[in-house]
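These are my notebook entries on one protein model. I record what I looked up, entry by entry.

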Amino acid sequence: MKGTKIRGIILTVLVVISVFLSYSLWKVQPDYEVIDNETVKKEQIAKLRQPEQVFRPTVVYLHQNESNYVTQNLTMINALVKAGTTFDFSELVRTDKMNASYQEMMHQDDSVELVFPNAVPLSIYSQVFRLKGDNFDLNSFNRITFNLTKSENGLFSVYYGNDSNNQIYQGSIQQDQVNMLKQILTEQKTVLEPVDEVYKNKQYLFLSDAPVKLRQQQYVIETIDIGLFKNALFGDGSKVKGQDNSFTNGSSSMTINPDAKVLTYVDPAQERRDTSQLSSAMKSEQIQASFNFINDHWGWTGNYYYSGYAADSSTTAFSLFVQGLPVFNDDGMSQILVSEGTESVYKYQRPFFKLGAQITTESKEVTLPSSVSVYENLIKTVEPNDIQMIVPGYVMGYEQNNNSYNRVVELKPAWFYKYNGTWTPVVGGES
């Protein structure tokens, strides 16, 4: 009996100890921090961009009182685009039955045109302007024409035109919205340059007899740490091995051109061998995906604008613009190229530097010949009907002073022409 009591007491003590220890363990367990996925950020190399900062017009034409005017002025372009983002467009519909030719519709008198470097999918630009309609992923445009004269139904027509296939999507806006456009044009009319000649080829060309004066410029370049790109492109940097100017994780590779300061990333597993079956919708998706890809690692190291898409390689191009003018370089120093593969990016080529401080003491004025004279020289060697635009810009190269050690680039004014969708520099000027 006595032993039974002792065992009962011991059992009770053990139960109490067990409860105490369980409570203690629960009480002292560590406070595990909840992982907030928003704090786990991808590599941020430079800047993030919104669609309107990349898919944007670069030339404005005003057609008024049977006269024509042109500008590449950034202030006016920005103001017109900003105004457009507030407009409520009516539903866009495909215009197949036109009472005038495509060229006459897009360049009609009393209208203003916003012209893009190359065709932009409507599905992408609907992120900039509030567009409504069907089949946006199947169609694209390279110019928007706002008619400043009221139509028969009391509205003002807006045309989204594609020069390559003469297709037009038509919508409309209200009187107060047109008044916004007219106010911008009035306030900044001094930046509009008169056009002397209109060449009515397959694509109308609005050119001038006047020489163009631009400043030749020099910039110190800022090299971006290649390790940032390595981390952004390979993900797990610990598995990446480097030798000389090459890096690989066993499947993907990145090579560096130290002279041009251009990198090329390739993932062979993503190579798309047949692009002939890509639908229009898939092409639009690839352009969007390429924009998103650069945004994912904040890869906009300057004012890069969408400048074209090559269907044969699924490659989207974003070109550097300085003060609203295009910049060209043979070695890839002024362009970002993204080639989409079967599931993700197959190839990525881009500069790993950005323009830093301008060397103002080395700036000098250069006189370019007139656009009319450029055109007249071009048609001696190329088909006039395939010339789509002629605009001034810059050719980029290293400053030739031996003491600069490729740390200074020079932007030399030159003319560019768009020929069958491709932009090419044609001639420079004299200082």
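The entries below go from the whole chain to single strands, helices and residues.

**Entry 1. The whole chain**

I noted at the outset that this is a predicted model. I then looked up the secondary structure of the protein chain and found nine helices and 25 strands. Of the 431 residues in the chain, 45% are buried. I also looked up contacts between residues at least 6 apart in sequence, and 68% of these join residues at least 24 apart.

**Entry 2. An open sheet**

I asked in what order the eight strands of the open sheet are arranged. The order is β3-β7-β6-β5-β4-β1-β2-β8, and the pairing is antiparallel. At the edges I found β3 (93-95) and β8 (193-194), each of which pairs on one side only.

I examined one pair inside this order. Strand β4, residues 111-121, and strand β5, residues 140-147, are joined by seven bridges in the antiparallel sense. In this pair I found Val112 opposite Phe146 of β5.

**Entry 3. Two helices together**

I recalled that two packed helices are described by the angle between their axes and the distance between the axes. For α3 (residues 74-84) and α6 (residues 175-187), the angle is about 170° and the axes are 10 Å apart. Because angles over 145 degrees count as roughly antiparallel, α3 is roughly antiparallel to α6.

Which residues make the contact? From α3 they are Met76, Ala79, Leu80 and Ala83, and from α6 they are Met180, Leu181, Ile184 and Leu185. I sorted them by class and found eight nonpolar residues, with no polar and no charged ones.

**Entry 4. Asn139, in a loop**

I located Asn139 in the loop between α5 (122-125) and β5. Is Asn139 buried or exposed? Its relative accessibility is 11%, and the cut-off for buried is under 20%, so Asn139 counts as buried. The side chain of Asn139 reaches the backbone oxygen of Asn135 at 3.1 Å. Setting aside residues up to four places away in sequence, I found that Asn139 touches Arg94, Pro121, Leu122, Gln167 and Tyr169.

**Entry 5. Two residues with positive phi**

I looked up two residues other than glycine with a positive phi. Glu66 has phi near 65° and lies in the loop between β1 and β2. Lys261 has phi near 60° and lies in the loop between β14 (253-257) and β15 (262-266).

I then compared their surroundings. Glu66 counts as exposed at 69% relative accessibility, whereas Lys261 counts as buried at 12%.

**Entry 6. A hairpin**

I turned to strand β16, residues 304-310. Five of its seven residues are buried, so β16 is largely enclosed by the rest of the structure. Its antiparallel pairing with strand β17 (residues 315-322) runs over six bridges, and Tyr309 stands opposite Thr316 in β17. The two strands form a hairpin with four residues between them. In the turn, Ser314 has a positive phi of about 55°.

Within β17 I looked up Leu320. Leu320 is buried, with a relative accessible area of 6%. Apart from neighbours within four places in sequence, the contacts of Leu320 include Gly302, Asn303, Tyr304, Leu355 and Met396.

**Entry 7. Val345**

My last entry concerns Val345, which belongs to strand β20 (residues 345-351). Val345 has a relative accessible area of 8% and is buried. Which residues does Val345 contact, leaving aside its neighbours within four places in sequence? They are Asp267, Gln270, Phe293, Val338, Ser339 and Glu340. Val345 and Phe293 are 52 residues apart along the chain, and their C-alpha atoms are separated by 8.1 Å.

Conventions: Residues are numbered from 1 along each chain as its sequence is written. This is a predicted model: local features need pLDDT of at least 70, side-chain atom pairs count only at pLDDT 80 or more; totals for chains, interfaces and linings use all residues. Side-chain values use heavy atoms; hydrogens and water are left out. Axes are lines fitted to C-alpha atoms, for helices over the stretch in contact, and angles run from 0 to 180 degrees between N-to-C directions. Angles under 35 degrees count as roughly parallel, over 145 as roughly antiparallel, 65 to 115 as roughly perpendicular and the rest as oblique. Contact means heavy atoms within 4.5 Å. Ala, Val, Leu, Ile, Met, Phe, Trp, Tyr, Cys and Pro count as nonpolar, Asp, Glu, Lys and Arg as charged, and the others, Gly among them, as polar. Two strands pair if DSSP finds at least two bridges between them. Buried means under 20% relative accessible area, exposed over 50%, partly exposed in between (1.4 Å probe, protein chains only). A polar contact is a pair of N or O atoms within 3.5 Å; within protein, one must be able to donate a hydrogen and the other to accept it, and residues adjacent in sequence count only if both atoms are side-chain atoms.
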